[in-house]
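Good morning, colleagues. I would ask you to look at the sequence and the structure together while I speak.

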Amino acid sequence: MYYVLTSLRRTIVGRIDKGENCSVSGCGSEADRSISADKVKSAGLKIGNAVDKRAYLCKEHYKEYKKKSKKDKLIDKWRHGM
Ligand SMILES: [Zn+2]
């Protein structure tokens, strides 16, 4: 289990320093990832304090973001008739 986690971590981009909080409005959890705010918004997540172009996401919202952005990609495929 441990090595799965570490190998996963190596492939993840946008790791951030500790101390940031999740940017999703209503969520104050410790942020785990930093992602382009535009991407987060287009995935349908509400960003409360979008100060700059980066949005910080906690683990839970990062999961949600990944789920939603995957769905969007699928929808794009359908739109393009694939
Ligand atoms: Zn959050």
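Let me begin with a question: leaving aside its neighbours within four places in sequence, which residues is Tyr65 in contact with? Please keep it in mind while I describe the overall architecture.

What we have here is a predicted model. The protein contains 3 helices and 2 strands, and along the sequence these elements follow the pattern α-β-α-β-α. Of its 82 residues, 21% count as buried. If we take the contacts between residues at least 6 apart in sequence, 47% of them join residues at least 24 apart.

I now return to the question. Once neighbours within four places are set aside, the contacts of Tyr65 are Ile35, Val40, Ala43, Leu45 and Leu57.

Consider Ile35 from that list. This residue belongs to strand S1, which spans residues 33–36. Ile35 counts as buried because 24 other C-beta atoms lie within 10 Å, and the threshold for that class is 20 or more. Ile35 and Tyr65 stand 30 residues apart along the chain, and their C-alpha atoms are separated by 9.9 Å.

Finally, the largest nonpolar core. It comprises 13 residues, of which Cys22, Val40, Leu57 and Tyr65 touch the most other members. Two or more residues of this core are given by each of strand S2, residues 54–57, and helix H3, residues 59–79. The largest share, 3 residues, comes from S2.

Thank you for your attention.

Note on methods
Residues are numbered from 1 along each chain as its sequence is written. This is a predicted model: local features need pLDDT of at least 70, side-chain atom pairs count only at pLDDT 80 or more; totals for chains, interfaces and linings use all residues. Helices (H or I, at least four residues) and strands (E, at least two) are DSSP runs, numbered from the N terminus. A residue is buried if 20 or more other C-beta atoms lie within 10 Å of its own, exposed if 12 or fewer, and partly exposed in between; C-beta atoms are placed from the backbone. Two residues are in contact if their C-beta atoms, placed from the backbone, lie within 7 Å. A nonpolar core is a set of buried Ala, Val, Leu, Ile, Met, Phe, Trp, Tyr and Cys residues joined through C-beta atoms within 7 Å.
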